[in-house]
Amino acid sequence: MTLESTARPVAGSAAKPAAVPAVQPPGRPRSEAADAAILDATTALLAEIGWSGLTVEGVAARAGVAKTTVYRRWPGKDELALEAINRLKGPIVQAPGGSVRDDLVFLMETMRKHWVNSLHGQIMRRVAADGNERPEIYRTMRERLIRPRQEVTRAVLERGVAEGSIDPAVDLDLIVSALAAPVVLAVFTHQPRVTRAMIEFNVDMVLRGVAR
């Protein structure tokens, strides 16, 4: 038995516990700064050259990271582009719960502010153009990013049907498209001005057309 194994702490003193080494997870920890740089680069390139022109190599060069850094996070450019656009869109905005008319104006006005004269609008124009060559791009984006937001508008219309102010025979998906039409038209035809008054006029016109 050694001296070290038989030693006892001096009375009145506390024994100092041995330091436990931290356990490191395998591989390098994911860097939030790298994530942000990659998504920022993807967003900028989507606006400049569109989805078809986007490459992982180009994103890595713009972000200042290795190509392998991108591939460790996303399997390819399509998933990367979808996440970048979703990040730019932000959280799904919910209707405040007022009248059907006021909620629809709120949702369309929110869309106007986000789409018109914005980076998001530039990207949507590019993606729509790319969709002519790769229609699956726009279908995927519509299902994963656009439709969940349209469902919020549809829910307001369904409330109008339940309350008796909207004809239950109307096609609600068609009405959702009609409500968004001024904003979509402005983005794709480069109209610089779409005002709240225009949004309100369109909402009122659509609601008159589907009134019960």
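Start at glycine 64, which follows helix α3 and has a positive phi, near 75°. This is a predicted model, so please keep that in mind.

Stay with α3, residues 56-63. Which of its residues are buried? They are Val56, Val59, Ala60 and Ala63. If you look down the axis of α3, these buried residues fall within an arc of 100°, so they line one face of the helix. As for what covers them, the list includes α2 (32-53), α4 (67-71) and α5 (77-89).

Now the chain as a whole. There are 10 helices and zero strands. Of the 212 residues in the chain, 35% are buried.

Two packed helices are described by the angle between their axes and the distance between the axes. For α6 (residues 100-115) and α9 (residues 172-188), the axes come within 9 Å and cross at roughly 10°. Angles under 35 degrees count as roughly parallel, and α6 and α9 are therefore roughly parallel to each other.

Who makes the contact? From α6 we have Leu104, Met108, Met111, Arg112 and Trp115. From α9 we have Leu179, Ala180, Val183, Val184, Val187 and Phe188. Sorted by class, this contact of α6 with α9 has 10 nonpolar residues, no polar ones and one charged.

Technical notes:
Residues are numbered from 1 along each chain as its sequence is written. This is a predicted model: local features need pLDDT of at least 70, side-chain atom pairs count only at pLDDT 80 or more; totals for chains, interfaces and linings use all residues. Side-chain values use heavy atoms; hydrogens and water are left out. Axes are lines fitted to C-alpha atoms, for helices over the stretch in contact, and angles run from 0 to 180 degrees between N-to-C directions. Helices (H or I, at least four residues) and strands (E, at least two) are DSSP runs, numbered from the N terminus. Angles under 35 degrees count as roughly parallel, over 145 as roughly antiparallel, 65 to 115 as roughly perpendicular and the rest as oblique. Contact means heavy atoms within 4.5 Å. Ala, Val, Leu, Ile, Met, Phe, Trp, Tyr, Cys and Pro count as nonpolar, Asp, Glu, Lys and Arg as charged, and the others, Gly among them, as polar. Buried means under 20% relative accessible area, exposed over 50%, partly exposed in between (1.4 Å probe, protein chains only). The arc is that of the directions from the helix axis to the C-beta atoms.
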